[in-house]
Every structure is written in C-alpha cells, then in structure tokens.
Amino acid sequence: MLGSGSAGNSALIATDHCKILIDGGLSARQLMLRLEQCGVTPHQLDGVLLTHEHGDHICGLEVLCRKFALPIYCNALTAEAIRCGGSLNGHRNWRIFHTGAEFAICDIVVQTFPVPHDAVDPVGFAFHAGTRALGFITDLGYATKMLTQRLREVHTLVIETNHDEKLLQNDPHRPWPVKQRIQSRHGHLSNAAAAMVIGELLAGKIERVVLGHLSRDCNTPELALGTVRLLLEKCDKADMELHCATQFEVSPRFCIGATRPGPFQPTFDSIFFKVPTVASDKLGSDFSNRFRSATLPRDQSRDE
Ligand SMILES: [Zn+2]
Ligand SMILES: [Zn+2]
C-alpha cells in the first residue's frame, strides 16, 4: 500500500513480470517517491488500474500520465467521468474493460466486480497469480453476495475500515447529509461493517487482512484494528495476520505467493487490450470524440 486513507489512495501489486498501480490518488510527486521506496520507477509500470473516479483515487494521474504514457485500465463510465471532469483529456492509452470482466495483465489475472458506492461504475478486484490471490475492496457501502463469493478465493484481503460509527455520529464538523451519505448503502464500510465482511470470509482461504481508507477525523488505526481483532478472537482466528495501512507512509511489503520463475509467455488473454499500431491514432480520436459529446457527471473530488 503506497498510501491509504480518505485523503488519497494508491497501491502497487507486482510479480516478477508485472507491476500494476491500483489507483493514483496521491500527488504525482508522492506516487513517484513512494514507488521509488519500493524500488520501482514509473517506467516499469505495466499500467494503472482504477477502482472509480473519486479524487482520492485519481488526483495524481494527470501529472503522472503526462510524464509517463502509462496504460490506464478502467471501465468506460469511469474513463468518461474522469475526462468530463477535465482530467486526463490528453491521455491516449486507455484500456477499457466491462465491469464483471476477467482479463490478464502479463501474468496477473484480474477479476473485476461491481461494488455499491456513489461513483459512476465503481469496482473491486480479485487478482490471481500462480496459485494465490489478493482481494481489493475499498469504497463500498456494503458487501454484495457476489463480492463475498469472489473473495472467498483470496489469501490476502485489502478492505476499507472507513470510520468508527460513534466517532462519525459525534463528529461536529460534518453536516448531517454528509454523515448520511457515508453511512448509506452507497457510502463506506465502518469498522464494524468491515469486520462482518471479514467474518463471512473466514470459511474461505483468507490468511491476511490489510485495513485501509481510514477517515482522518472519524477513525484511528487502533479503533479499526481493535474492532477487527475482536471479531477474529471471537471466531477463534486470533492468529490471523492483520495490518492497517496509513495515509502518510508506505506499508510493509506483503508477500502473497510466488509465481513461476523464468520468462513470461504471453497468452491470448494478455493481448486482449493491444491495439493495432496502424489504427491506434484513429481509435484514439474516435474515443476522444465520444468523450467530448458526453455530459458532465457529478463532482469527482467529493469523497470521505
Ligand atoms: Zn475513496
Ligand atoms: Zn470513493
């Protein structure tokens, strides 16, 4: 986790053959600094994968992608919302997937699924490489049945513990409609709600949980960890590995599994997004024309 919290989110997943940034919600400078701390340069990235268009997930991408023409993987509505919000208008390297699709980026198979959150088409991910898998869900109001099923297969789970319910209710700075939005079925998971989701996954393959996207004012790592730890103790799983990612520093590196050594052999799946070079200019301009005619969506910077 390069950084995680209500003010900015980004994570790096990597195998020997592939490096993917999930979201780019820190400044480009911070993204580059934190990648460097992980021994990765932006040139080495195979792409940026987006969960949704809120500012705390995309704010560094405009500058980062102006410097490095990274492929951006997201669904069409998210791309449209970002471009209509005035960001990444000059960016040409979009790789659009349908929500629910499964595709490969090098040797990582990416499963996408919808999550309930107040963005145009927000998604969660399950990443499979070798025999191991990582689940990634931040920014969701509740866990759907389908999402829970997908996540039963993962060994490591990144999940948001956005707020402590009492701290949110008693927060003097947030107006009531904002509190209502955060608590709604299209808002964010509280510590208690996230603990319940984790509880439902204990019958699966899960062996490590990383908490993230904590609210700056309405949560603390101690409260989030404490709530989840209590649940794990109740379920006789007190020995499960548990971490809390923070906004201001890169988390430890979590090793989820090992992939086969040696050169990677591209499969048909991995060329799914490749655009023929001759036609790429035309495709690019068709794509941006389509975006120019689209209507302006909701405010992208708003998130808690
Ligand atoms: Zn967010
Ligand atoms: Zn959001």
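These notebook entries record what I looked up in a predicted model of one protein chain.

**Entry 1. Conventions**

I number residues from 1 along each chain as its sequence is written, and chains are lettered from A and ligands numbered from 1 in the order in which they are written. As this is a predicted model, local features need pLDDT of at least 70, side-chain atom pairs count only at pLDDT 80 or more, and totals for chains, interfaces and linings use all residues; side-chain values use heavy atoms, with hydrogens and water left out.

**Entry 2. Confidence**

I began with pLDDT, the predictor's confidence in each residue, from 0 to 100. The chain has a mean pLDDT of 89, and 87% of its residues reach 70 or more. For residues 275–302 I found a pLDDT below 50; this stretch has 36 contacts in the model beyond near neighbours in sequence, a contact being heavy atoms within 4.5 Å. Where pLDDT is low, the predicted coordinates should not be read in detail.

**Entry 3. The chain as a whole**

I counted ten helices and twelve strands. Both are DSSP runs numbered from the N terminus: helices are H or I of at least four residues, strands E of at least two. Of the 304 residues, 52% count as buried. Buried means under 20% relative accessible area and exposed over 50%, with partly exposed in between (1.4 Å probe, protein chains only). I also looked up the contacts between residues at least 6 apart in sequence: 67% of them join residues at least 24 apart.

**Entry 4. The sheet of five strands**

I traced an open sheet with the order β1-β2-β3-β4-β5 and mixed pairing. Two strands pair if DSSP finds at least two bridges between them. At the edges are β1 (11–14) and β5 (94–96), each of which pairs on one side only. On average, neighbouring strands of this sheet are turned by 25° against each other, direction ignored. Axes here are lines fitted to C-alpha atoms, for helices over the stretch in contact, and angles run from 0 to 180 degrees between N-to-C directions.

Strands β3 (residues 47–49) and β4 (residues 72–74) are parallel and share two bridges; Leu 49 has Tyr 73 of β4 as its bridge partner. Helix α4 (residues 76–84) packs on the sheet and touches β4 and β5, its direction making about 145° with that of β5.

**Entry 5. Helix α1**

Which residues of helix α1 are buried? In α1 (residues 28–37) I noted Ala 28, Leu 31, Arg 34 and Leu 35. Seen down the axis of α1, these buried residues fall within an arc of 135°, so they line one face of the helix; the arc is that of the directions from the helix axis to the C-beta atoms. Their cover includes β1, β2 (19–22) and α3 (61–67). On the other side of α1, Arg 29, Glu 36 and Gln 37 are exposed. Just after the helix, Gly 39 takes a positive phi of about 75°.

**Entry 6. The sheet of seven strands**

I then followed an open sheet in the order β6-β7-β8-β9-β10-β11-β12, again with mixed pairing. Its edge strands, β6 (102–105) and β12 (241–244), each pair on one side only.

**Entry 7. Strand β8**

Six of the seven residues of β8 (residues 123–129) are buried, so this strand is largely enclosed by the rest of the structure. Strand β7 (residues 108–114) runs antiparallel to β8 with six bridges, and Thr 112 has Phe 125 as its partner in β8. Five bridges join β8 to β9, also antiparallel; one pair is His 128 with Ala 133 in β9. The β8–β9 hairpin has two residues between the strands, and Gly 130 there takes a positive phi near 60°.

**Entry 8. Strand β10**

Why is β10 described as largely enclosed? Five of the five residues of β10 (residues 156–160) are buried, so the rest of the structure largely encloses this strand. Thr 156, Val 158 and Glu 160 lie on one side, Leu 157 and Ile 159 on the other.

Strand β9 (residues 132–137) is parallel to β10 and joined to it by four bridges; Phe 136 is partnered by Val 158 in β10. From β9 the chain crosses through helix α5 (residues 145–151) to β10 in a right-handed β-α-β crossover: with the strands pointing away from the viewer, the path from the first strand over the helix to the second runs clockwise.

Strand β11 (residues 208–212) is parallel to β10 and has five bridges to it. In β11, Arg 208 stands opposite Thr 156, and Val 210 is the bridge partner of Val 158. Helix α8 (residues 191–201) lies across β10 and β11, at about 160° to β10.
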